[in-house]
Amino acid sequence: MNIIAKIFNGNGGVHPPEHKLESTNTPIQLVPVPERLVLPLRQHIGNMPKVLVQAGDNVLKGQLLAEANGTVSAAVHAPTSGTIVAIDEQVIPHPSGLPDMCITLKPDGEERWITHDAVDYRTMDRAELLRRLRQSGIVGLGGATFPTHLKLSPKSSHPVVTLVLNGAECEPFITCDDLLMRERADEIVLGAQIVQSLLGTVECFIGIEDNKPEAAAAMREACTRAGFVAEVGIVPTLYPSGDARQLIRLLTGKEVPAHGRSTDIGIQCFNVATAQSIYRFFAHGETAVSRIVTITGNVARPGNYEALLGTSVDDLLKAAGGDLPDTDGYIMGGPMMGFALPSSAVPMTKAMNCVIASTPGLFPPPAMEMPCIRCAACADVCPVSLQPQDLYWFSKSNNLEKALDYNLMDCIECGCCTYVCPSHIPLVQYYRYAKSESIAQERAQTAADQARIRNDNRLARIEREKQERAQRNALRTAKTETGGDAEKQAAIQAAMERAKEQKEAVVPKNTDNLSPAVQAEIAEIDALRGDAQSTTQTTET
Amino acid sequence: MLTAILVMVGLGLALGVALGYSSLKFKVEGDPLVEKIDAILPQTQCGQCGYPGCKPYARAIANGEADINQCPPGGEPGIKLLADLLGVEPKPLNGEHGQPKPKSVAFIDEQTCIGCTLCIQACPVDAILGAAKQMHTIIAAECTGCELCLAPCPVDCISMVPLPEDIGNWKWRYPVFEIKNELKPGIKAEATA
């Protein structure tokens, strides 16, 4: 990156209190297998997977419970061995608080794995590899939960030459990637090597914020040990530098185009935890069954916990020593982009990187919204260089078309604008509203276009049928008018001739190898028959 | 003088030929205004506007026969878009043609259906599947909620079911905050003073 880019980086960002030290004092701890696991089918972006099991089935750890359905979809596996008790709708960790389809598993406590083998990515056919990866259930663990097999087979005209490993973890409170890099750096690096070989990239950057020196050192050592050439890039601690596009710009100096993907400029980005699960899959055949989650905030033992997917937040909190008095809610994700959980009974999903037990002291209720004073503080901190103050007006007045003209869809919903707003305007909430509203409108438009096509086709079909019927009628009337009798006679004649031919063509069966006596008898009968026919004919005439 | 006349006549001829040629070469098939209006209409094909479908209504608007406020499924946003397109003032929805309703899809009660195919014939988007004396069913993804199948059903086995909100179609709400009188007492006193 040249010096001018460094001085005029203009990438905005804010630096909220980090709150990371609370959860980095203890190593990653294992959460015991709970009484009950609830596995939402929709734990990723895209289509709901197809369920392959029934209530009452006994399953093994790592067994495929639901297979990927359609292009953008990911599989769901049993996190432990046990019995499927129910497949029904339950509340899932989602800002809406709405229920969705879930598989409920009662663990038998034996943790019996299904047969799983290492997958040799060096020799196996590429299509087969991607098929296996598609059924591995591995999705991006940074929070976006995009199915990983799609990221490893990018449809880009540009060759992908650079791999970026995202270990920035810029949101306050969250430290699961930090601890993962400290403790399992070797696995991450081996995963990166696999990704490198699958994508055919030639260089690798590992982006880590400068508030994680231990993680950076561990990653450097792991790279040396594995003989993996990668540049561990230390980026300044500034939210949201962990956003893939921001990190790519910080590390490579290249900017991802507004309506494109990073592969368009030859870069693919993976979270460090995703790289580690890719390693676990290829080296041990282990599918996505667990993840590391930061439990922090107002709990007795804040830290990082490795838990089976589907473990309820209640069980996670219990492992962290329970929440302290004064807790008024739970936030999934960080305080900037996270959302309040509808209840603490919801299960942990692949997307859940952090649960914060909140208190009124930690997160005071929002102050009263005051009018916008057009100070443009939001524009200064916007990491994607939008005009938040204008987007605010357009979103507030429901002028979606205008908001889209101002690149509303490029908003990454990082919340920096809301964080700095001196008038306490919940800016990002307005953008979220406007974005989901315009996505809904777009969907309605697609449905309307589809309905138009169907209606047009129907009208065309009715018209065609009408014409065909008219033609048939015309033909029929024409037939009856012009000497229909002659035609009928001819048809009858033809039918009679056909019958005659058929009669003559009949050859008596089983007449070979008959004794002379029998042949004589047949000849006699034939003669009688011939006589009878000739007599009837003569009497008739 | 003669030169000037010749130049003007020559120019006139040349431009005339160019215009004539381009009018043939770039002839627009159909009425683009009808297409544009049709693109705005919601394509429910419900006929509440008094025309047998969205396209005929679009044609009627383009010919100045119908007003822009006769489409209840399009609602106020649709009227606004039409007004923008046609350069007229938006007006409130004409109540005679009905009121906007939440998006619903038809549902056939299979216990009651007698398989008469009347609803299949009525459906403008072929979203009903079935055959004579066979159970009919709605292809929910294709149903526009036009309600045209309700009237022909002799046994009233079709009902409209509003689409429930689920994770797939959930939208972020417009930020609304309770109005709380939290101004400091001093300021309040000042304001009332």
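**Close-up 1. Antiparallel pairing of strand 2 and strand 8 in chain A.** In this predicted model, strand 2 of chain A and strand 8 (residues 99-107) of chain A run antiparallel to one another and are joined by four bridges. Within the view, Leu37(A) is found opposite Leu105(A), the latter belonging to strand 8 of chain A. The two strands are part of an open, four-stranded sheet in chain A, whose order is 2-8-7-4 and whose pairing is antiparallel. At the edges of this sheet lie strand 2 (37-40) and strand 4 (58-59) of chain A, each of which pairs on one side only.

**Close-up 2. The cis peptide bond between Tyr239(A) and Pro240(A).** The bond that joins Tyr239(A) to Pro240(A) is cis, with an omega of about 0 degrees. Pro240(A) belongs to the loop that lies between strand 11 (231-235) and helix 7 (244-252) of chain A.

**Close-up 3. Positive phi at Thr145(A).** Although Thr145(A) is not a glycine, its phi is positive, at about 50 degrees. Thr145(A) is placed in the loop between helix 2 (126-134) and helix 3 (148-151) of chain A, and it counts as buried because it has 20 C-beta neighbours inside 10 Å, the threshold for a buried residue being 20 or more.

**Close-up 4. Positive phi at Glu147(B).** Glu147(B), likewise not a glycine, has a positive phi of about 70 degrees, and its place is in the loop between strand 3 (137-138) and strand 4 (158-162) of chain B. With 18 other C-beta atoms within 10 Å, Glu147(B) is classed as partly exposed.

Methods: Residues numbered from 1 in each chain as written. Chains lettered and ligands numbered in written order. Predicted model: local features only at pLDDT ≥ 70, side-chain atom pairs only at ≥ 80, totals over all residues. Pairing = 2+ DSSP bridges. Buried ≥ 20, exposed ≤ 12 C-beta atoms within 10 Å, placed from the backbone.
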